[in-house]
Amino acid sequence: MYICGVSPYDFSHIGHARSYVAFDVLYRYLKYLRYDVVYVCNFSDVDEKIIRRANEFGEDPIALSGRYCQEFQKDMDDLQCLPPTHQPRVSEHMEEIKEMIAKVMTNGYAYTVDGDVYFSVDSFPEYGRLSGRKLEDNRAGGRLAVDSRKRNPADFALWKAAKPGEPSWDSPWGRGRPGWHIECSAMSAYYLTHSFDIHGGGMDLIFPHHENEIAQNCAACGPESNVSCWIHNGFVTIDDEKMSKSLGNFFTIREVTQLYHPIALRYFLLGTHYRSPVNYSISQIEIASESVYYIYQVLQQFKERALKRADLTEEDILRAIEERALARKNKEFARSDQIRTDLVAKGIALMDIGTETVWRPCVRRGQEQPAPPAQLEQSAAAVQKEPPVAPSQLKQSAAARQKEQPAASLQPPPWSCALAISKEDHDISEGTTDYTLSHQGNKYLEINWTQ
């Protein structure tokens with residue numbers, strides 16, 4: 001899975017958060033389904049906006065982008081996004097980029113003009129297959145003004161000749177730096193080969209960015225190039241207008257998380273289908289914040305009741321955690337395991353998260369749990385009313401009950417529950433008296449015996 005990353009020249013805004021939270025959910029779900037996922041999300045750290053900002057501050061562009069890469073990663077940690085498998089930077093993959101440009105040129109899809117290298121869209125008849133746009137309808141420009149030296153105004157740059165005050169690298173076409181689109185093509189091929197499963201980003205990347213990626217990938221690699229599934233998330237809007245730094249109508253992630261918990265922002269962003277626009281407002285983020293607070297308040301109540309069931313206090317558990325940590329430090333692993341096992345038997349699970357150990361309620365294991373008194377009395381009454389029945393008579397008994405009363409009046413008895421079907425098909429030893437009926441609505445589906 002390759003997701004197009006940010007151009008790190010400033011703090012990221014919540015439009016960026018929307019994209020990476022959405023793909024974090026996809027990443028988590030694929031891992032939950034036990035797929036072996038290689039997740040790549042890049043940093044475009046060689047970009048006009050970065051260079052312009054660095055010149056304003058009198059700072060090296062690579063150093064400035066590196067600083068904002070770290071700030072972006074901090075924001076993603078706050079939003080509970082798992083780190084991708086790889087987070088490559090353009091500045092670290094110049095050789096791969098130049099190699100791909102050379103292949104495109106060798107195959108006849110690009111041309112040079114004064115040290116610049118342009119992709120010829122006329123040479124690729126399938127151009128527009130992702131966006132559905134016709135070549136004559138495409139608006140040239142996008143990020144940059146139209147260059148009159150190009151054969152077609154829609155041709156896009158693969159390599160840009162060096163200019164004063166810009167970082168540059170040696171190449172067969174002279175010193176310069178890569179165009180925007182070729183960066184992702186080269187890095188995705190490097191980490192995932194030319195054929196992989198999922199490519200994603202915001203809807204604004206469908207054209208021209210992803211359309212251009214397809215063209216240059218096919219030009220370089222031919223039929224070997226393939227992306228099985230393209231996924232694009234919707235925008236975050238302010239008053240129904242796309243949030244962006246260029247429009248000046250944005251809130252940074254950091255601005256929001258200074259006032260609201262990052263989980264509240266994540267909850268807000270996930271409250272809308274990933275392809276639909278989500279309109280940001282103070283009232284909506286406050287509703288999300290209130291909802292998250294309620295959820296965590298309920299979770300705290302769960303923990304309080306778990307302590308009560310276990311007949312423990314939180315101080316008891318913290319002491320057990322300290323004892324276990326000491327046992328592990330002293331390599332007394334049997335003692336460490338026993339502490340955890342004893343707590344699990346009482347419905348308390350320990351979780352090691354980094355260097356910290358926390359606890360949560362869990363299903364009790366390792367001992368039989370007594371049923372509540374009311375349930376025991378009810379079960380005993382049911383057994384008294386129902387004498388022991390031979391297994392061979394059970395199916396006839398269930399059929400008789402269905403004939404004796406209308407289906408609508410059939411209700412599961414109070415002691416009934418759904419159980420897994422036994423492989424032995426009711427091969428029950430003599431003397432067994434307890435049985436249950438699994439049911440769906442008013443229809444009895446199966447008779448199960450329990451030892």
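Phe-72 is buried (under 20% relative accessible area, against over 50% for exposed and in between for partly exposed, with a 1.4 Å probe and protein chains only), because its relative accessibility is 3%. The structure is a predicted model, in which local features need pLDDT of at least 70 and side-chain atom pairs count only at pLDDT 80 or more, whereas totals for chains, interfaces and linings use all residues. Residues are numbered from 1 along each chain as its sequence is written, and side-chain values use heavy atoms, with hydrogens and water left out.

The protein contains 13 helices and 15 strands, assigned as DSSP runs (H or I of at least four residues for helices, E of at least two for strands) and numbered from the N terminus. Of its 451 residues, 43% are buried. Where contacts (heavy atoms within 4.5 Å) join residues at least 6 apart in sequence, 68% of them link residues at least 24 apart.

A search of the whole structure identified 13 aromatic pairs, defined for rings of Phe, Tyr and Trp (its six-membered ring) with centres within 6.5 Å and classed by plane angle as stacked under 30 degrees, edge-to-face over 60 and tilted for the rest. The Tyr-20 and Phe-72 rings are edge-to-face, because their planes stand at 85 degrees, with centres 5.4 Å apart. This pair links distant parts of the chain, as Tyr-20 belongs to helix α1 (residues 14–32) and Phe-72 to helix α3 (residues 61–78), 52 residues apart. Tyr-20 is likewise buried, at a relative accessible area of 6%. Together with Phe-43, Tyr-20 and Phe-72 form one aromatic cluster.

Trp-159 lies in strand β5 (residues 156–161) and Trp-173 in the loop between β5 and β6 (176–178), so the pair ties together parts 14 residues apart in sequence. Trp-159 is buried at 0% relative accessibility, and Trp-173 is buried at 15%.

Asn-212 is located in helix α6 (residues 206–221) and is buried, with a relative accessibility of 2%. Not counting residues up to four places away in sequence, Asn-212 touches Tyr-127, Phe-156 and His-181. The C-alpha atoms of Asn-212 and Leu-130 are 9.6 Å apart, although 82 residues separate the two along the chain.
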